[in-house]
Structures are given as structure tokens and as C-alpha cells.
Amino acid sequence: MGSCVPKKILTNSDLEKMVDTSDEWILKRTGISERRILEENEPIHKLGVEAARQAINDSGVKPEEIDLIIVSTSTPDYLVPSTSCIIQKETGAVKAAAFDLTAACTGFIYGITIAKQFIETGFYKYILVVSSEGMSKVTEWKDRNTCVLFGDGAGAAVVGAVEDGYGIISTYIDADGTQGNNITIPCLYLPEEDIARRANYENKMTLWQEGQEVFKFAVKIMPFASEKVLKDAGIKVEDLKYIIPHQANIRIIDSAAKRLGIEPEKVYTTIRKYGNISSASIPVALADAYQEKCLKKGDYLVFVGFGAGLTWGAALLRWSK
Ligand code: ACO
């Protein structure tokens with residue numbers, strides 16, 4: 001595992017000076033206290049490269065032994081080359097094939113699901129999965145509805161075969177394109193509808209969302225997806241050490257945990273210090289739990305996420321280190 005967040009901290013009190021908001025509102029309604037933000041012309045891929053280097057070092061695998069690099073990102077520095085190709089160059093993983101995937105905040109779960117298939121078939125031995133996001137670059141800093149929510153960061157994992165009964169046990173990914181209009185970040189096309197929603201935005205190529213619709217969707221889909229991966233593996237919620245959810249809003253996390261029937265102390269959160277880092281939220285939280293020595297061999301973990309698309313998914317993992 002590896003992770004990297006920018007040095008610069010943007011606190012709720014900093015935001016009070018930028019938009020009509022308050023530390024109290026943000027903390028109470030979202031659970032966020034501060035977030036990490038890249039400097040103005042700092043590249044996003046730099047975070048992914050650092051997280052990837054840490055993961056490669058941690059795994060003991062040589063960069064040239066990596067067969068494939070999968071990067072999940074909704075905020076690439078370039079449309080081409082892909083962020084995965086940039087990470088290949090910067091890490092020296094010279095023999096790896098490389099591609100990016102876009103599944104918004106569910107990207108890490110999509111990434112490890114793909115990696116699992118290649119490892120299980122024996123087609124590849126080692127796969128680097130990186131989630132690298134610079135949400136501050138697609139944020140409208142004049143919109144208090146969205147600018148308080150997001151942060152930047154990257155998380156990475158080297159995926160390879162482990163002993164039977166350990167590792168990624170079951171995964172589930174899904175999507176519903178009919179709800180795609182609930183969260184959009186335009187890129188090369190700006191229809192009337194997207195312009196209208198961003199009437200007061202200085203930069204129209206930024207994130208807009210129907211917050212309450214996403215909220216209602218998230219509180220239902222998180223327990224559903226978690227229960228599915230547990231049931232597929234015959235594991236009970238009581239057997240879990242932690243659930244590591246996508247960190248979008250503490251009220252979504254608390255409500256989903258309650259519906260799932262899991263104790264609050266088994267819900268691993270980093271939202272207070274990092275906000276929503278899109279697909280990097282889950283691997284950054286996992287790296288955090290690992291670095292804090294909260295994980296031991298045999299622990300069952302569930303990752304669960306949802307995001308633009310709409311997409312959602314979950315994975316059950318048995319920690320093998
Ligand atoms: N500070 C102060 N007041 C605010 C702020 C703010 N930052 N933001 C909104 N408000 C106000 C609103 O204007 C509104 O005022 P009004 O009643 O006078 O109209 C009031 O607070 C309530 O607004 P709501 O939108 O109803 O607030 P809600 O409790 O729904 O919280 C939030 C909004 C935080 C966005 C919530 O809906 C949410 O978390 N939704 C899910 C978002 C999400 O998970 N997105 C994932 C996308 S990530 C991805 O895929 C890239």
C-alpha cells in the first residue's frame with residue numbers, strides 16, 4: 001500500500017473567507033474539518049506517482065516485475081497520455097501495460113476487481129492499482145454547495161497472489177447510467193443543460209451535483225453492496241474488523257453503517273482530515289489504517305463506494321500481511 005496527499009491544508013475557517021459558510025455548518029453537515037489541496041499549477045499525477053512508489057517499495061516487488069498498471073481517475077492532467085503511462089515512466093515499471101479507468105469515486109473498487117481477474121487466471125502476476133485525484137482542479141470555488149466537500153490525494157496498492165483464503169475474496173461492481181445527470185464534470189462538450197446549472201460558476205468545466213439525490217441513493221446502495229459481497233463469501237457483518245467506506249459525507253457513512261448493523265468503531269473514516277478525495281478515498285483510508293498498524297493478518301475488511309455515473313461497488317478482503 002501507499003498514499004500521498006498534498007502538503008497544503010485548506011481548513012473550514014479558510015473557506016469561511018471564500019464563501020458564505022461556517023466551520024459549524026461544514027462539520028455538522030459533512031463531518032469535514034479540513035482537506036488537502038494541490039498548489040495552483042501542481043500536477044495531479046505527482047500524487048499518484050508518489051503513492052505508487054510507496055506501494056511498490058512496500059510490496060517488495062521490483063518495478064520491472066509489474067505486468068499492468070490500472071489508474072482510476074476522474075481528474076487526469078492529460079486526456080492523453082493516460083495517467084497510468086505517466087506513472088509507468090516515473091516508477092520504472094517498464095514492462096507494464098497501462099490504462100486509466102473512469103468510475104468516479106468507485107474507481108478503486110473497479111480497479112481491484114479487474115486486477116483480481118487477471119491474477120486469478122494467471123495471466124499477470126503483479127498489478128499496480130492507483131487512484132489519483134485532484135478534485136480541487138474541478139471545483140467551482142464560488143459554490144458553497146460543492147467547494148467545501150472535496151480534497152486531493154492518491155492511494156495505491158500492488159495486487160498479487162496470496163495464500164488461499166486471503167486477499168480479495170469477493171467483489172461487486174455496478175452502474176446506472178440513467179442517473180448520470182446527478183453528478184457531472186464536463187470535459188470537451190458543454191450542453192445547454194450543463195451551462196444552465198452552472199449559471200453562477202466562473203469555471204463551467206467544474207463539478208455540479210444534485211447533492212440530495214446522491215445522498216438518498218448513497219445511503220441505500222452502501223449497505224446493499226456491502227451485504228452482497230459478505231453474502232457471496234458467506235461472511236457475517238460481525239466478522240468484520242472494519243468497513244472502509246467512500247468518504248463523501250459522515251452522515252451518509254453513519255446512516256449506511258446503521259442500516260448495515262455495524263458498530264461505529266468498526267467504521268474506518270478519514271473524512272475529517274481529507275474530505276472527499278473521490279476514488280482515492282478508500283485506498284488512502286486503507287493505507288492510513290495500515291500505517292497506523294490497525295490491521296493484522298486474517299482481518300476481514302469491506303470497501304464500499306458510490307459515485308458519479310452513477311457507479312457503485314464493494315469488495316471483501318482478508319488482510320494477508
Ligand atoms: N455552508 C452553509 N450553508 C450551506 C452550505 C455551506 N457550505 N452548502 C449548502 N448550504 C445551505 C443550502 O444553501 C441550504 O440553504 P437553504 O435551506 O436556505 O436553501 C441549506 O444549507 C441546506 O442545503 P442542502 O443541500 O439541503 O444540505 P444537505 O444537508 O443536503 O447537505 C450535501 C448538502 C453536503 C451536499 C449533501 O447533500 C451530500 O453530502 N450529498 C451527497 C454528495 C455526494 O456524496 N457526492 C458524491 C459525489 S463524488 C463524485 O462522484 C466525484
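The structure is a predicted model, in which local features need pLDDT of at least 70 and side-chain atom pairs count only at pLDDT 80 or more, whereas totals for chains, interfaces and linings use all residues. Residues are numbered from 1 along each chain as its sequence is written, and side-chain values use heavy atoms, with hydrogens and water left out.

The secondary structure of the chain comprises 11 helices and 13 strands; these are DSSP runs numbered from the N terminus, with helices (H or I) of at least four residues and strands (E) of at least two. The radius of gyration is 19 Å, close to the 20 Å that the globule rule gives for 321 residues, so the chain is as compact as a globular protein of that length. The radius is taken over C-alpha atoms, and the globule rule is 2.2 Å times the number of residues to the power 0.38. Along the principal axes, the C-alpha atoms fill a box of roughly 55 × 45 × 35 Å. Of the 321 residues, 55% count as buried; buried means under 20% relative accessible area, exposed over 50%, and partly exposed in between, with a 1.4 Å probe and protein chains only. The accessible surface amounts to about 14300 Å², and 51% of this area belongs to carbon and sulfur atoms. Such areas come from the Shrake-Rupley method with a 1.4 Å probe, and for residues only the protein chains shown count as cover. Among contacts in the chain with a separation of 6 or more, 75% are between residues 24 or more positions apart, where contact means heavy atoms within 4.5 Å.

An open sheet of 5 strands has the order S1-S7-S6-S4-S5, and its pairing is mixed. Strands S1 (2-4) and S5 (97-101) stand at the edges with a single partner strand each, so one side of each is left without a neighbour in the sheet. On average, neighbouring strands of this sheet are turned by 15° against each other, direction ignored. Axes are lines fitted to C-alpha atoms, for helices over the stretch in contact, and angles run from 0 to 180 degrees between N-to-C directions. Two strands pair if DSSP finds at least two bridges between them. S1 is joined by 3 bridges to strand S7 (residues 152-160), and the two run antiparallel; here Cys4 stands opposite Ala154. By contrast, S4 and S5 run parallel and are joined by 5 bridges, with Leu68 opposite Ala97 in S5.

In a regular strand the side chains alternate between the two faces of the sheet. In S4, Leu68, Ile70 and Ser72 lie on one side and Ile69 and Val71 on the other, and all are buried. Because 5 of the 5 residues of S4 are buried, this strand is largely enclosed by the rest of the structure. Helix H5 (residues 107-121) lies across strand S4 (68-72), S5, strand S6 (126-134) and S7, and runs at about 170° to S6.

Helix H11 (residues 281-291) is also largely enclosed by the rest of the structure, because 9 of its 11 residues are buried. One of these is Leu286, which has a relative accessibility of 3%. Leaving aside neighbours within four places in sequence, Leu286 is in contact with Met1, Ile244, Leu295, Leu301, Phe303 and Trp319. H11 is followed by Lys293, whose phi is positive, near 60°.

In helix H3 (residues 45-59), Arg53 is partly exposed, with a relative accessible area of 37%. Arg53 and Met1 are 52 residues apart in sequence, and their C-alpha atoms are 9.5 Å apart in space.

The structure holds 8 aromatic pairs. Rings of Phe, Tyr and Trp (its six-membered ring) pair if their centres lie within 6.5 Å; planes under 30 degrees apart count as stacked, over 60 as edge-to-face and the rest as tilted. Phe118 and Tyr124 form a tilted pair, 5.0 Å centre to centre with 50° between the planes. Phe118 is partly exposed, at 26% relative accessibility. Tyr242 and Tyr268 form an edge-to-face pair, 5.4 Å centre to centre with 75° between the planes. This pair links distant parts of the chain, 26 residues apart: Tyr242 is in strand S11 (residues 240-245), and Tyr268 is in the loop between helix H9 (250-260) and helix H10 (271-274). Both Tyr242 and Tyr268 are buried. Ring pairs also link Phe118, Phe123 and Tyr124 into a cluster.
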